[in-house]
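Here is a friendly briefing to read beside the model. Have the viewer open and follow along topic by topic.

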Amino acid sequence: MNRRRFKKAIKRIKNLPGGKYFFWYINNKIRHFYFKAIKSTKVAYPSTIMLELTNHCNLACTTCPRMYHYGKEMDKGYIGLDSAKKIIDEIWPYLDSIGLTGMGETFLYEEIGEVVDYIKGKNKGIIISISTNAVLPNFIEKVSGVTGKIDTIQISIDGLHDVYNSVRVRSNFDILDKNLRELSKMAKDSETDLMLNMVVTKENYMHMPLLVQYAKEIEIPYVDFTLFNLVSVTEIDQSYYEFYKSEEFLKVVDELEKVIAETPEVIVSENNFRTENSFQKCPFPWTHFYISWDGYMPPCCAKPFPKELHFGNVFDNKVIDVLNSDSYRNFRTLWFKNTPPKFCYKCHFIDLEPIKNN
């Protein structure tokens, strides 16, 4: 456990729900471990969710599922503020964390501050995270209202300079760089941690070590790397994954590990390079449940398109009823059998073999 996660865990423990809600919270934890122990397909109320406030975005990134078939077919919109509050009301006593992020740019949601305040008003120990591209006009003005309230702001940055511009279409690295330097100063000595996130592709892999050095330069303490997940990318064949076993890629991975060792100021909390080929490595049937802006619950954040597959709508039913619907439980049955459904084809949890062994 790195220091960011340790700090959040301590904060949560210090701010557990009080009164009768404490007993609700503990009872739900017991139910969770009981269901897990007996290998039930049922789940308790979620301790963490992803709530998509909007799937609109100002960019057109080559790594984003929005740019491919499923994304082009999806309905777009914004969750109603009252609907967001209704979901939070239903599950807040049990929540440890919530991600206010989905297929869109979170800061396009005008009521983001109200949602954050509403969650913290329920319990200030609920850990809130947000992902952003950080290049909206007036981004600093928008983010200043929630800095110190949000626990983690993750910034998508798929490379530096011209490489970044080629991947994150409609963006501009100079604008991003300016905003990140200002945000870094703003978040310093606050309750908000900053994290850079890079989706590693053939176009930007050589920038992995450089990104760690850049994070140190602008005083952002956390960096995540994840490999390009093709589960929603209909135009790219599964054979793309072979690149991650190539000599040129593994050479840069070695360089990255050397830079990480030489840069203690930056914690690389995820570098998803040793993924095992198994449906049972996927956590999403059991945690980080995704709720789309229009109330649907698709299987995961990698392919969150209700028109392709969903298990119900929380605007029409209770969250717990959707989580334990027949269709969701059948999906978990496949997980126990380690038999991935067609829906998961090309997901890197399943179809990307380990690329480097110790």
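Arg 12 and Asp 96 join their side chains in a salt bridge, with N and O 2.9 Å apart. The pair ties together distant parts of the chain, 84 residues apart: Arg 12 belongs to helix α1 (residues 3–14), and Asp 96 to the loop between α4 and β2 (97–99). Both Arg 12 and Asp 96 are buried. A salt bridge here is a side-chain nitrogen of Lys or Arg within 4 Å of a carboxyl oxygen of Asp or Glu.

This is a predicted model, in which local features need pLDDT of at least 70 and side-chain atom pairs count only at pLDDT 80 or more, while totals for chains, interfaces and linings use all residues. Residues are numbered from 1 along each chain as its sequence is written, and side-chain values use heavy atoms, with hydrogens and water left out.

- Helices (H or I, at least four residues) and strands (E, at least two) are DSSP runs, numbered from the N terminus.
- Buried means under 20% relative accessible area, exposed means over 50%, and partly exposed is in between (1.4 Å probe, protein chains only).

**Other salt bridges**

- The structure holds 16 salt bridges.
- Asp 117 forms a salt bridge with Lys 149, and their closest N and O atoms are 2.9 Å apart. This pair also links distant parts of the chain, with Asp 117 in helix α5 and Lys 149 in the loop between α6 and β4, 32 residues apart.
- Asp 117 is partly exposed at 38% relative accessible area, and Lys 149 is partly exposed at 32%.
- Glu 219 and Lys 188 meet through their side chains in a salt bridge of 3.7 Å, N to O. Glu 219 sits in the loop between α9 and β6 (222–227) and Lys 188 in the loop between α8 and β5, 31 residues apart.
- Glu 219 and Lys 188 are both exposed.
- A network of salt bridges links Lys 7, Lys 8 and Asp 193.

**Helix α8 and its ends**

- Helix α8 (residues 173–187) has 15 residues and reaches 20 Å from its first C-alpha to its last, close to the 21 Å expected at 1.5 Å a residue. That expected span is 1.5 Å times one less than the number of residues.
- Just after α8, Asp 189 takes a positive phi of about 65 degrees.
- Phe 173, Leu 176, Asp 177, Asn 179, Leu 180, Leu 183, Ser 184 and Ala 187 are the buried residues of α8.
- The cover over those buried residues includes α6 (139–144), β4 (152–156), α7 (161–167), β5 (193–200) and α9 (208–217).

**Helix α4**

- In helix α4 (residues 81–91), the buried residues are Leu 81, Ala 84, Ile 87, Ile 88, Glu 90 and Ile 91.
- These residues pack against β1 (48–51), α5 (112–122), β8 (289–291) and α11 (319–323), where contact means heavy atoms within 4.5 Å.

**Buried loop residues**

- Which residue's side chain makes a polar contact with that of Thr 63? The partner is Asp 158, at 3.2 Å. A polar contact is a pair of N or O atoms within 3.5 Å; within protein, one must be able to donate a hydrogen and the other to accept it, and residues adjacent in sequence count only if both atoms are side-chain atoms.
- Thr 63 lies in the loop between β1 and α3 (69–73), and counts as buried at 11% relative accessibility.
- Leaving out residues up to four places away in sequence, Thr 63 touches Asp 158, Val 167, Arg 168, Val 199, Thr 201 and Phe 228.
- Cys 282 is in the loop between β7 (267–271) and β8, and is buried with a relative accessible area of 11%.
- Apart from its neighbours within four places in sequence, Cys 282 is in contact with Trp 335 and Phe 349.

**Positive phi in loops**

- His 288, in the loop between β7 and β8, has a phi near 50 degrees, a positive value in a residue other than glycine. His 288 is partly exposed at 36% relative accessible area.
- Lys 346, in the loop between α12 (326–337) and α13 (348–351), has a phi near 80 degrees. Lys 346 is buried, with a relative accessible area of 7%.
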